[in-house]
Structure formats: C-alpha cells, structure tokens
Amino acid sequence: MNLSKTNIKKRVSWIIIFSLILSFILPITTFAQAENNKNNYSVKVRVEGYDSTFVKPITVAINDLDLSDYPSIEKSASDYDSLKPIHAIVHALEKSGIDPKDPSKFDIGYGGNYIKSINGLGEFDKGQMSGWMYWVDNQYANLGVGEYEIKSGQEVVIFYVENYMENVYSWFDKQSLSVDQYENFELKLNGNPDSWGGGTASGVEGATILINDKEHTQNGKAVKTDSNGKISLNIEEPGTYHVSATKKNDVGQNILTRPYASVTVNKLNTIKSIEPVKNIEVDYATKEIDVISKLPKTTNIIDSLDKKHSVDLNWSIDNYSAKKSGEYTAISNFKLPAGIHQTDPETDLELSMKILVKEQPSTKPTNLEDAINKAVNYYKNNNPGDPNGDWEAYVGLWGVGDVIDKDYNWESIDPGFGANISGNETLRYAYSLLGQGQDPSNIWGGRNLFKELSSQQKDDGSFTTLGKQLFAILLLDAGEEMGADLGDWNKENKQKAIDNLLSQQNENGSFGLFSHLDYTGWSLIALSEYREQKEVNEAINKSLEFLKSKQTDNGAFIDNSGWGSGENSNSIACVVQGLVAVGEDVLDPNSPWVKNGNTVADALIKFQQDNGSFWWEEDNKGSVAMATKQSLVALSDLKNQKSTWHRLGEEVYLDSFVEKDIENLISNINKLPKENKITYNDKLEIMKAYNMFLSLPKKWQLKVDNSDLLLKSKEKVMQIEKEIEYINDNIWSLPGKTEDIDLSHKEKILDLMERYNALSDSDKKYIEYYSELEAAKAKIELIEKEESTQEDPKEENSQNDSQDNQVNDKDDDVVIDNNGQSGTNTPGNNENGNTAAENSDNSSTSSSPKTGDNHLLIPIILFLISLSTIVFILRRKKLN
C-alpha cells in the first residue's frame with residue numbers, strides 16, 4: 001500500500017513538473033509565432049493607370065502578412081515565408097480609398113499572384129497586349145506579386161501597359177523636389193525599353209511632359225524631353241504639382257509607363273508695388289542740384305506679404321534746364337531689400353515723378369502780342385487763298401487762335417490732284433484743311449489725305465524733296481496723334497523717313513543744298529519728336545551748333561552761302577520754329593540766344609510793316625506772302641512756347657472721329673440705369689462716360705443732347721460713394737471691443753443702422769464692418785434689457801422661480817449608476833457615455849483574435865491545472 005502511494009506521488013509530481021514546464025514553454029513559442037506574423041514593414045507604393053495616377057506615392061506600414069480576408073487571395077500569414085508585393089499593394093489601395101476586397105475595384109487571380117484589374121481598369125481593356133505589370137525599385141520583378149520577395153524600405157510601382165511589346169518603363173531621376181517661384185529646375189526621364197527587364201536604362205527622348213495630367217506647353221508648343229531625356233521647367237504659381245510624361249506610338253498608344261515627380265513650388269516674397277511720390281513745383285531758374293535736394297530721399301515698396309520696406313532713392317532729371325519753364329521727369333532707381341525677390345517678368349526698380357518749373361516771372365516782350373494782332377489783321381484784310389501758296393498762313397492763324405471765317409471752294413470741291421503725286425499738293429491742302437477745322441482724313445467724298453501722303457513715300461524712305469520730306473513727317477505724325485488712318489505710315493516706314501532725313505545733314509550740321517538756315521530750322525521741327533534716338537539727338541545738337549555759329553550780335557541769323565546776303569525774315573522765322581520745337585527758350589534774357597539784349601523775336605519783328613505783313617528784307621519786300629505766313633507761324637510758336645506743327649496733332653479733333661465718339665457717348669449714357677436705380681457698381685461706367693464727355697472740346701460737348709442725364713448720374717453715384725464712406729468711417733470710429741460699447745453710442749449706432757438699411761442690396765456689400773455694427777447694436781439691446789430687469793426685481797424673482805422649477809424637472813431624469821456617477825437617462829447610453837453599438841464594438845475589439853489573446857489560453861489552463869493539483873496533494877497529505 002505504501003509502495004502504491006509512493007508511486008502515485010511520483011507520477012503526480014512528474015505530471016505537475018511537466019505541466020509547469022509546458023506553461024512556460026508554450027507562451028514563448030506562441031509569442032515567437034506571433035512575432036513572425038507581426039513584423040513592422042514599411043513599403044512605398046505607386047499605382048499608375050495608362051493615362052492617370054490611381055495611387056500617388058504612398059508609404060504603407062505592414063504589421064501582418066495575413067491576407068485571408070481578401071477575395072481571390074485568401075492566404076494566412078503562415079502561407080507566406082516573407083513580405084511580398086501583394087501585401088504592400090492591398091494596404092496602399094485601402095489607404096487610397098480603393099477597396100481591394102471589392103472585386104469591381106480589385107481583381108486578382110492565380111492565387112493572389114496576377115493582378116487582373118484595378119479601379120475598373122482591367123487586362124485587355126486597351127487591346128490584346130494591355131494589362132497590369134509591376135517593378136520594384138525601378139527593376140523588373142520576375143515573379144508574381146504573391147511570390148516575389150521584397151524588403152522593408154523598397155518601392156513597388158504597379159503600372160498599366162497598352163502594349164507590353166513596346167512599353168518603356170520610365171522614371172524621373174527625382175521623385176520629389178522643392179523649388180522657388182520662377183526657379184528653373186531640371187528633371188531627367190530614365191527608361192528601360194524592355195518591360196521584362198532585359199534592356200539597358202537610358203534617357204527617354206521626345207516624351208511629352210504632363211503637369212497635373214495636362215500637356216505642358218511653352219510658346220504654344222508641347223514641351224518634350226531632349227536627346228538625353230532631360231527637361232528644364234519653370235513653374236510660376238506656388239503650389240504642389242504632379243509631373244508625369246507620355247509618349248505615343250504610331251497607333252496612338254501610350255508606350256511609356258507614367259513616371260511620377262511631385263514638385264512643390266514655394267512662394268517667393270517678391271516686390272508687389274511701389275509707393276508713388278508726389279510731383280513738385282520749383283521756381284524758374286532753380287538749379288538742378290537744388291531741385292534734387294527737394295526730392296524725397298526714400299519711398300516704400302510693398303512685398304507680396306503686404307509688408308512695407310523703405311528703399312533709398314537716387315534721383316536724376318532728364319534734360320533739365322533751370323531757365324526753361326515746363327515739366328521735367330525725375331527718375332530714381334533703387335535696390336530691393338534683402339529677402340525681397342524680383343518678379344517674373346521683372347518689375348522695373350524705378351520710380352519717376354514730375355517736376356514743374358514755373359514760368360519766368362518777367363513778362364515776354366510786350367511787342368510780341370502787338371505783332372501777332374497786326375499779322376492777324378493783315379490776313380483779315382487780305383484773306384489767304386489757294387493752299388498751294390498760303391498753306392502756312394492757315395496753320396499760323398490756327399496757331400494764334402484766329403481762323404478766317406470764310407467758306408472756300410477748295411474745302412468742299414475736290415481740286416483734282418492725284419493720290420500718288422510727287423508734288424506738295426497733298427500736304428499743303430491737308431494743312432490748310434486742318435487750319436480751317438476740316439478733316440483731311442475724310443474730305444471731298446471720302447478721300448483720306450493722310451493715307452494718300454503715306455503712299456507717296458519711296459522705298460528709300462524719302463518723299464521726293466527735302467521740303468516735302470520734312471512736312472510729310474510732321475503731318476503724318478500729327479495724323480497719328482489724331483487717330484487717323486495713315487495707310488502705310490508704320491513704324492518701319494517712319495524710321496526709314498527719319499534715317500533718310502539724317503542722311504541729308506551736311507558736315508557742318510546744316511540741312512539742304514541751299515537756304516541752309518531755313519531747312520535746318522524745319523529739320524529741327526521734324527526731328528524733335530525723335531530725340532530719344534541717339535543718332536537724332538546727335539544730329540540736333542550738331543544743327544544747334546551750326547545755328548549758333550550763324551547768329552549775329554543783334555539776335556538775327558545770316559548765312560551767306562545760300563540765297564541772298566544778309567538778314568531776312570524767312571530764315572529767321574524758320575530758325576525760330578526749329579529752336580522752339582527742340583525746347584530752346586529763346587526769349588529768356590539769360591538765354592544764349594539773346595544777344596546784347598536782343599531776342600530772336602526782336603530780330604524778326606523788325607521786318608513787320610505797318611499793315612501787319614512782313615518783308616523779306618528790311619529794304620526789300622521780296623515775297624510778302626511767303627515772309628508773312630512763315631513769320632506768323634514763328635510768332636505763334638513764341639507766344640505758346642511750343643511748336644504749332646506739334647500742337648496740331650495734340651489739339652485738333654477730327655470730325656469723323658469725334659462724331660463717332662459722340663454717338664458712342666450718347667449711346668453709353670442711354671444705357672445707364674435710371675437715377676433711382678443707380679448703385680455704386682455703376683460708378684465705373686458713369687465716370688468713364690463723364691471723363692469722355694470732359695475730354696471733348698466745348699463745341700462738341702453741346703452736341704451731347706443727353707448730357708444732363710450723365711451729370712445727374714454722376715452726382716447720384718458720388719452721393720452713394722459719400723454715404724458708403726460715411727458709414728464705414730463711423731463704424732470704424734466706434735470702440736474696437738464690443739464690451740466697450742455703452743448707451744452713449746446708441747444714437748450713433750441706430751443712425752448708422754438706419755443709413756445701412758437705406759442702401760440698396762448691391763451697395764450694402766461695400767460696408768466693410770457691418771458685423772461690428774450688428775454686434776454693437778446687440779450690446780446696446782443687452783444693456784437696455786439688463787437695466788429693465790434691475791428696475792423690476794419681482795419679475796426677476798418670478799423668472800428665477802421658473803428656472804428653479806425647470807431645474808427640478810430636469811433632475812427627475814438624472815440616474816445614479818452603481819459607481820455613483822450621474823448621467824441623463826438616454827436610451828442606449830451606458831455609464832461611459834457610449835452607445836450600445838459603441839460598447840458592442842469595444843467588446844468585439846477586446847475579444848478579437850487579432851489581439852493574440854487566444855494564444856495564452858492553453859498555457860493558462862495548464863498552469864491552473866498544475867496549481868490545483870499541488871493544492872490537492874497538499875490537502876491530501878495533511879489529511880493523511
């Protein structure tokens with residue numbers, strides 16, 4: 001019996017020992033098996049369709065190799081000896097919103113090895129040679145997606161091919177890069193011409209670049225890679241861009257695996273605007289250095305972040321003359337502050353302002369006006385006649401503001417000269433018509449003398465003679481300013497004319513084979529508008545030196561190499577016209593053109609006779625008509641200190657154009673809304689019409705028969721603008737914080753609300769701070785309500801009682817749980833505030849086999865059995 005008990009004890013002991021060993025060994029083996037199935041992998045995945053990216057580069061974390069829940073795969077972790085592409089693929093699809101468990105979204109065959117379709121794009125959809133392939137780290141993978149072994153950190157690219165026989169697997173040398181706005185960056189497109197991995201990688205030539213799946217163009221042409229597969233790009237707008245590429249075969253199939261690069265374009269802090277500076281006025285004869293000292297030393301620039309930066313200004317003044325009144329332009333360049341970049345195209349780092357030099361305090365010679373009045377009276381008594389002889393007289397009379405009130409036959413009857421003549425009739429009649437207020441662009445049944453004159457220019461740029469050349473340039477330039485149809489007078493032919501004129505300048509600076517003074521003066525008029533050209537400016541300066549050499553001590557000009565010997569009014573008049581045109585102040589007592597107190601005006605006026613006409617020489621009347629008409633133009637220039645020939649282009653309105661403008665203006669005014677319907681939105685159109693009306697000469701303004709409607713509309717929109725500004729300004733003047741509003745603001749707030757409500761719905765949107773006004777009004781109402789409550793405490797107590805009752809009613813719904821926590825008795829809520837469904841989810845999660853808790857069950861059971869056995873034996877021993 002004792003032997004039997006001993007054997008039993010030994011056997012039981014061995015069982016206990018074995019159970020305990022198992023209880024410790026099994027958890028270790030269980031955890032080891034779980035660890036094998038729960039590694040931490042990280043794989044990058046990209047999925048490319050034939051014309052779009054299905055899944056952008058995405059890095060997925062893989063902790064479990066189990067794919068048993070995925071249709072057509074249905075393999076557990078134990079079926080895989082290592083990480084496979086299929087693990088990364090399904091996780092990437094899930095993360096990108098493509099359900100790999102939905103066969104319509106992801107179809108795979110051959111036991112999870114061969115991808116048939118992704119996102120509805122399947123094998124053979126694009127032909128018998130189309131379907132899905134994949135590469136790993138830009139290398140061909142020779143096994144199926146469920147067999148090929150990959151490692152953590154690798155990249156899997158799944159791509160659709162339209163023709164696997166011609167497909168080129170391609171990739172950019174950089175998949176992600178960051179650049180600044182306007183910065184050039186380069187990508188290289190590599191490719192393997194054999195999708196099965198047998199080829200040699202090289203640059204892909206002729207691939208069309210896509211940005212955000214749109215063909216990228218420059219200058220209207222598609223951008224393609226060069227012979228080395230390289231491409232230089234520049235993206236202006238900040239943002240993130242997807243760069244890809246495509247290449248078609250002869251039948252239009254894309255034979256290029258879509259490459260991928262993500263480019264982030266960072267916004268540069270660039271110059272946005274330059275704060276202007278105000279123009280200034282200076283006194284006559286102020287030195288340039290003193291003017292510059294009065295100009296602002298700095299200004300502000302605004303960057304693209306709307307921040308201000310001060311920049312230093314260094315001024316220079318173009319062609320400044322202290323003793324020449326008028327407007328001058330001062331220009332300053334500046335440098336961008338550190339951290340501020342240029343724009344593309346570049347912003348001119350230049351600021352300009354106007355400097356007005358006031359008129360000379362002293363008056364011009366008193367006899368200048370007398371001379372003009374006498375000349376005008378002469379023409380009133382001796383009206384100009386045929387334009388061929390008196391064309392300059394019509395221009396001179398217009399210049400001094402006295403047009404002869406007479407109807408000439410040649411104004412209405414075509415004189416009959418041809419359109420393409422070599423003579424001067426075209427320009428003479430055109431100038432005469434302008435002087436008489438007629439329109440040379442539409443005369444005598446539709447003839448356009450500007451257009452006809454331009455057709456008379458020869459291939460070398462000339463107009464037959466030097467005289468015609470000069471006044472043809474002046475007339476056509478004037479017509480251009482008037483807006484006339486000039487035919488062939490374009491930039492090229494204009495330059496030809498100037499170049500031809502320059503070629504006729506003599507070595508000593510004069511122009512012409514004879515009458516050098518006359519032609520030099522006229523040439524200065526024609527060239528003065530082209531002084532920005534270096535060659536022209538040099539020619540003008542050379543001519544001025546010539547004229548200085550020909551001026552006498554009494555202010556006149558003499559040239560013995562031409563016709564006549566001694567002073568004559570014609571030459572002096574032509575020189576005066578030229579000097580005024582190029583900006584010489586010949587009347588300034590300190591001017592180098594004043595000799596011994598004698599101005600050029602004095603030198604000219606001494607040739608005028610008592611009847612107002614001018615003689616050629618003092619003791620030889622010569623051609624009175626020629627002398628008088630040229631002298632009158634010179635007097636007009638002296639009076640206005642500006643060339644009469646240039647003023648024609650600036651001040652004459654052609655009837656044909658003005659009439660059209662008036663018709664358009666009347667039509668635009670009629671289109672304006674009625675006065676009671678006008679809103680601030682109409683301001684632009686109203687002011688556009690109003691400014692157009694103001695630009696018309698007064699005689700033409702009278703023809704705008706609905707101008708009263710325009711003026712009323714302008715007044716109405718100005719009232720609306722003023723009201724909007726008033727409301728905005730007064731809202732702004734209220735305290736910035738709502739808590740600072742009190743009853744002292746009530747009247748103002750209510751007035752503003754009333755004004756706001758009186759605006760049209762369209763105008764209300766221009767009230768920028770209306771929300772602040774509403775908040776202020778609400779604060780006033782709250783203050784008044786609180787004061788009303790304080791005045792009636794019984795009512796307040798009554799309200800408090802009511803609120804207490806409501807609280808008690810609510811208390812009836814309070815439930816105290818077993819833990820002493822209270823909560824509302826809402827169906828479906830438990831003590832943690834979760835719904836039943838949420839608790840159900842939590843429960844299923846805690847018991848989920850995915851947690852691995854089931855692996856501990858057997859060891860725990862064995863441990864408990866062992867422990868129970870020991871307790872049993874000890875109790876048994878005690879009993880014995």
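Q: Which residues form one aromatic cluster?
A: The structure is a predicted model, in which local features need pLDDT of at least 70, side-chain atom pairs count only at pLDDT 80 or more, and totals for chains, interfaces and linings use all residues. Residues are numbered from 1 along each chain as its sequence is written, while side-chain values use heavy atoms, with hydrogens and water left out. Rings of Phe, Tyr and Trp (its six-membered ring) pair if their centres lie within 6.5 Å; planes under 30 degrees apart count as stacked, over 60 as edge-to-face and the rest as tilted. One aromatic cluster is formed by Trp391, Tyr431, Phe471, Tyr519, Trp522 and Trp645.

Q: Are the rings of tryptophan 391 and tryptophan 645 stacked, tilted or edge-to-face?
A: The structure holds 31 aromatic pairs. In the pair of tryptophan 391 and tryptophan 645, the ring centres are 6.0 Å apart and the planes stand at 50°, so the pair is tilted.

Q: How many residues apart in sequence are the parts that tryptophan 391 and tryptophan 645 tie together?
A: Helices (H or I, at least four residues) and strands (E, at least two) are DSSP runs, numbered from the N terminus. Tryptophan 391 belongs to helix H5 (residues 387–399) and tryptophan 645 to helix H16 (residues 644–651), so the parts tied together are separated in sequence by 254 residues.

Q: Is tryptophan 391 buried or exposed?
A: Buried means under 20% relative accessible area, exposed over 50%, and partly exposed in between (1.4 Å probe, protein chains only). Both tryptophan 645 and tryptophan 391 are buried.

Q: Are the rings of tyrosine 680 and tyrosine 766 stacked, tilted or edge-to-face?
A: The ring centres of tyrosine 680 and tyrosine 766 are 4.9 Å apart. Their planes stand at 80°, so the pair is edge-to-face.

Q: Which residue has the charged end that sits over the ring of phenylalanine 417?
A: A charge sits over a ring if NZ of Lys or CZ of Arg is within 6 Å of the ring centre and within 35 degrees of the ring normal. Lysine 101 has its charged end over the ring of tyrosine 70, 5.1 Å from the centre. Over the ring of phenylalanine 417, 4.8 Å from its centre, sits the charged end of arginine 447.

Q: Which residue forms a salt bridge with glutamate 392?
A: A salt bridge is a side-chain nitrogen of Lys or Arg within 4 Å of a carboxyl oxygen of Asp or Glu, and a search of the whole structure finds 24 of them. With the closest N and O atoms 3.2 Å apart, the salt-bridge partner of glutamate 392 is lysine 629.

Q: How many residues apart are glutamate 392 and lysine 629?
A: Glutamate 392 and lysine 629 are both buried. The pair links distant parts of the chain, with glutamate 392 in helix H5 and lysine 629 in helix H15 (residues 624–640), and the separation is 237 residues.

Q: How many of the residues of H15 are buried?
A: The expected span of a helix is 1.5 Å times one less than its number of residues. The 17 residues of H15 should therefore span 24 Å, and the end C-alpha atoms are 24 Å apart, which agrees. H15 is mostly covered, the count of buried residues being 13 of 17.

Q: What is the phi of glutamine 641?
A: Glutamine 641 is located in the loop between H15 and H16 and is partly exposed, with a relative accessible area of 31%. Although glutamine 641 is not a glycine, its phi is positive, at about 50°.

Q: Which residues make a nonpolar surface patch of about 400 Å²?
A: Patches are made of residues with over 30% relative accessible area and no salt bridge: like charges are joined within 9 Å, nonpolar side chains (Val, Leu, Ile, Met, Phe, Trp, Tyr) within 5 Å. Accessible areas come from the Shrake-Rupley method with a 1.4 Å probe; for residues, only the protein chains shown count as cover. Methionine 129, in the loop between strand S5 (121–122) and strand S6 (131–136), is partly exposed at 34% relative accessible area. The patch of about 400 Å² is made by Met129, Tyr164, Met165 and Trp196.
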